[in-house]
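Colleague: Could you pick one part of this model and take me through it closely? I would also like to see how that part connects to the rest of the chain.

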Amino acid sequence: MTGFSLSDHAVRARIKTLISPSSPANIPSCLKSQHIWYPSRFTLRPDGRLGKPPCDRQGKPATHWQYKSNWISFDEAVGLNMDGVGIMLHEELVLTGIDFDHCVQDGVILDPWVAQKVKELNSYTEYSVSGTGIHVLVWGRLPWQKCDGGKIEMYDGGHSRFLVMTGNRVPGTPTEI
């Protein structure tokens with residue numbers, strides 16, 4: 001089913017876990033002021049998971065999305081009115097995104113281990129697009145290339161990575177990174 005946009009009613013109906021629409025105003029100002037943005041169109045992958053690729057200004061999957069010369073401003077990305085917007089985690093940004101999957105139900109973090117990590121990290125935390133996970137953003141680099149396993153994935157700018165932002169901040173977490 002790849003290639004269908006979430007604006008297609010049938011596809012949108014399949015994504016039952018989407019939380020409230022994005023709240024771009026809640027995204028940390030230190031990110032909104034940077035030229036690190038892409039719009040995104042959401043698609044369903046063949047395995048049923050949600051794909052969130054960066055797109056060009058015409059809404060097609062971006063080619064050469066890793067190149068800084070192709071990144072745009074926050075205002076321009078939001079103004080293109082696609083399904084979402086995201087940032088490029090890159091070498092100069094020194095930002096790490098921590099992705100906790102399948103730990104939220106009805107807006108509540110159910111996993112006590114994840115809830116404790118969010119408290120310890122004490123940084124900007126938002127619900128993922130699916131509404132079943134969260135992203136925590138922290139300044140710094142990973143001591144290794146990538147952590148990908150189980151209930152946690154962590155990415156920094158060592159290898160360019162696109163991270164869709166929702167602005168749907170988890171209540172009680174800081175508004176900035």
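**A strand pair and its surroundings**

Modeller: Strand β5 (residues 95–100) and β11 pair in the antiparallel sense over four bridges; strands here are DSSP runs of E, at least two residues long, helices are runs of H or I, at least four long, both numbered from the N terminus, and a pair needs at least two DSSP bridges. This is a predicted model, in which local features need pLDDT of at least 70 and side-chain atom pairs 80 or more, while totals for chains, interfaces and linings use all residues. Residues are numbered from 1 along each chain as its sequence is written, and side-chain values use heavy atoms, without hydrogens or water.

Within the pair, Gly97 has Tyr155 of β11 as its bridge partner. Strand β11 covers residues 152–155, with Ile152 and Met154 pointing one way and Glu153 and Tyr155 the other. Both faces are covered, as all four are buried, meaning under 20% relative accessible area with a 1.4 Å probe and protein chains only as cover.

Leu95, from β5, is one of the residues in contact with Leu31 (heavy atoms within 4.5 Å). Beyond four places in sequence, Leu31 also meets Ile36, Trp37, Ile87, Leu137, Met165 and Ile177.

Three of these elements make up an open antiparallel sheet, in the order β1-β4-β12. Since β1 and β12 stand at the edges with a single partner strand each, one side of each is left without a neighbour in the sheet. Neighbouring strands are turned by 35° against each other on average, direction ignored. Four bridges link β1 and β4, and Tyr38 has Gly86 as its bridge partner. Between β4 and β12 there are five bridges, with Leu89 facing Arg161 as bridge partner. Four of the five residues of β12 are buried.

Trp37 and Met165 are among its contacts, together with Lys32, Phe74, Tyr124 and Gly167.

A word on confidence: pLDDT, the predictor's confidence in each residue from 0 to 100, averages 85 over the chain, and 85% of residues reach 70 or more. Over residues 1–19 pLDDT stays under 50. Where pLDDT is low, the predicted coordinates should not be read in detail.

Conventions
Axes are lines fitted to C-alpha atoms, for helices over the stretch in contact, and angles run from 0 to 180 degrees between N-to-C directions. Buried means under 20% relative accessible area, exposed over 50%, partly exposed in between (1.4 Å probe, protein chains only).
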